[in-house]
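I record what I looked up, entry by entry.

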Amino acid sequence: MTAIDRLHDALAAHGEIRRDEPMSRHTTFGIGGPADLFVTVRSSEGLGAADRAARDAGVEVFVLGSGSNILVADGGIRGVVLDNRARTEHPGSDGLTFRLESGTSFAAFARKMCRAGLDGLSWAVGIPGTLGGAVVYNAGAYGGCLADVLTRVLLQDASGRRDWVPAPALGLVYRGSAFTRGQFAGKTVLETEVRLAPGDAAALVERAAGHDKKRLAAQPRGRNAGSMFKNPADRPAWKLIDDVGLRGARRGDAAISEQHCNFFVNYGNARASDVASLVEEAERRVFDQFGVRLEREVAFVGAW
Ligand SMILES: Cc1cc2nc3c(=O)[nH]c(=O)nc-3n(C[C@H](O)[C@H](O)[C@H](O)COP(=O)(O)OP(=O)(O)OC[C@H]3O[C@@H](n4cnc5c(N)ncnc54)[C@H](O)[C@@H]3O)c2cc1C
């Protein structure tokens with residue numbers, strides 16, 4: 001019996017388990033090989049318990065939100081993927097504060113808050129992903145970011161200890177945090193807390209609709225993971241990629257979007273290696289021509 005076999009039995013109490021589950025079914029890119037064990041959890045308790053059981057067994061854990069900011073290797077993910085569907089929302093008694101399980105859809109929650117006349121998240125209505133993923137990247141758009149409204153998060157560390165950590169201790173910056181810098185290795189976001197402000201529902205819904213319109217006009221449809229690179233301080237990444245002649249470049253079914261050069265798209269059966277090859281080409285050409293090192297926003301995960 002392998003460690004994975006033993007873990008299969010231990011995890012059955014906490015969620016639904018699949019073996020050798022293709023990650024292409026669980027990423028917005030539609031790309032990625034199999035996960036050894038894929039466990040769907042539906043509460044923060046279940047997420048914490050499954051995380052603890054896997055780590056106690058010495059098995060590698062990957063916490064999956066909506067898979068909207070990752071490129072999973074063709075070789076898949078060894079160990080356990082925790083598919084986080086913990087989505088309970090707990091409104092506070094003040095009507096402005098919300099405690100949210102980390103698998104809550106960020107965009108759906110933001111839209112609901114606009115309709116309820118609560119201000120602070122109208123910029124987020126088009127951002128796919130979970131609250132957990134939004135914490136890791138300090139998700140943001142149109143001048144707003146999660147750090148503006150996040151008050152604290154419930155973290156579980158690799159030993160199973162849980163603490164409410166105040167937002168300033170997460171080191172949230174443009175598309176980054178203590179997680180992306182490797183300082184929170186082994187920590188899992190179980191819950192988040194946000195605080196909004198009273199606002200006018202009609203005005204917020206209208207503002208959100210304006211953001212939807214802009215997004216629809218600017219971004220390609222189809223399978224992708226949003227912006228591949230962070231924007232360098234002085235020029236947007238799409239402009240640099242365009243200027244080195246890579247607009248529309250293709251490898252197999254992977255392409256750099258004609259519409260928005262910082263979006264890498266899967267036209268059908270793209271392999272992770274095809275996308276990676278285009279990414280490396282963009283990095284090389286931009287560095288050679290402009291001396292700028294592009295920094296990846298999308299995380300490359302799994303067995304590369
Ligand atoms: C079409 C499109 C448009 C986008 N536009 C934007 C945009 O405007 N602004 C923006 O900021 N982003 C944007 N993104 C990127 C993406 O939606 C965000 O980064 C989002 O916050 C990722 O959340 P997720 O749940 O999908 O995370 P995943 O992709 O599932 O995971 C990303 C990382 O977070 C970790 N993680 C996830 N949940 C947890 C948890 N509970 N605890 C610990 N670690 C966790 C994962 O292990 C992984 O390392 C866009 C993506 C797409 C596809």
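**Entry 1: ligand shell.** I began with the ligand and found 31 residues around it, the closest being Gly65, Gly129, Gly132, Gly133 and Gly226. A residue counts as near a molecule or strand if its C-beta atom, placed from the backbone, lies within 6 Å of it. Two or more shell residues come from each of strand E3 (61-64), helix H4 (131-137), strand E9 (140-141), strand E13 (188-195) and strand E15 (223-227). Helices (H or I, at least four residues) and strands (E, at least two) are DSSP runs, numbered from the N terminus. H4 gives the largest share of the shell, five residues. By class, I noted 14 nonpolar, 17 polar and no charged residues in the shell. Ala, Val, Leu, Ile, Met, Phe, Trp, Tyr, Cys and Pro count as nonpolar, Asp, Glu, Lys and Arg as charged, and the others, Gly among them, as polar.

**Entry 2: basis of the model.** The model is predicted; local features need pLDDT of at least 70, side-chain atom pairs count only at pLDDT 80 or more, and totals for chains, interfaces and linings use all residues. Residues are numbered from 1 along each chain as its sequence is written.

**Entry 3: domains.** I took the division of the protein chain as domain 1 (3-84), domain 2 (89-214) and domain 3 (221-301); such bounds come from an automatic or database domain assignment. The centres of domain 1 and domain 2, taken over C-alpha atoms, are separated by 23 Å. Their contact takes 14 residues from domain 1 and 16 residues from domain 2, where two residues are in contact if their C-beta atoms, placed from the backbone, lie within 7 Å. On the side of domain 1 that touches domain 2, helix H2 (residues 44-56) gives the most, with six residues. That side of domain 1 divides into two nonpolar, nine polar and three charged residues.

**Entry 4: the four-stranded sheet.** I traced an open sheet of four strands in the order E1-E2-E5-E3, with mixed pairing; two strands pair if DSSP finds at least two bridges between them. Strand E1 (16-22) and E3 stand at the edges with a single partner strand each, so one side of each has no neighbour in the sheet. Neighbouring strands are turned by 30° against each other on average, direction ignored. Strand E2 (residues 34-41) runs antiparallel to E1, joined by six bridges, and proline 34 in E2 is the bridge partner of proline 22. Helix H1 (residues 3-11) lies across E1, E2 and strand E5 (77-84), at about 10° to E2. H2 also packs on the sheet, touching E2, E3 and E5, and its direction makes about 165° with that of E5. Axes are lines fitted to C-alpha atoms, for helices over the stretch in contact, and angles run from 0 to 180 degrees between N-to-C directions.

Entry 5: Isoleucine 17 lies in strand E1. I list isoleucine 17 as partly exposed because it has 17 C-beta neighbours inside 10 Å. A residue is buried if 20 or more other C-beta atoms, placed from the backbone, lie within 10 Å of its own, exposed if 12 or fewer, and partly exposed in between. Beyond four places in sequence, isoleucine 17 touches His8, Leu11, Ala12, Leu37 and Val39. Aspartate 20, found in strand E1 as well, counts as exposed because it has 11 C-beta neighbours inside 10 Å. Aspartate 20 has a positive phi of about 50° although it is not a glycine.

**Entry 6: asparagine 138.** Is asparagine 138 buried or exposed? Asparagine 138 counts as buried, with 22 C-beta neighbours inside 10 Å. This asparagine is in the loop between H4 and E9, and its phi is also positive, near 45°.

**Entry 7: helix pair.** Helix H3 (residues 106-115) and helix H5 (residues 201-218) pack at about 145°, with their axes 7 Å apart. In this contact, Arg111, Cys114 and Arg115 of H3 meet Ala201, Leu204, Val205 and Ala208 of H5. The residues divide into five nonpolar, no polar and two charged.

**Entry 8: strand E18.** Both faces of strand E18 (residues 263-266) are covered, with Phe263 and Val265 buried on one side and Phe264 and Asn266 buried on the other. E15 and E18 run antiparallel and share three bridges; asparagine 224 stands opposite valine 265. Strand E17 (residues 254-256) also pairs with E18 in the antiparallel sense over three bridges, and E17 and E18 form a hairpin with six residues between them.
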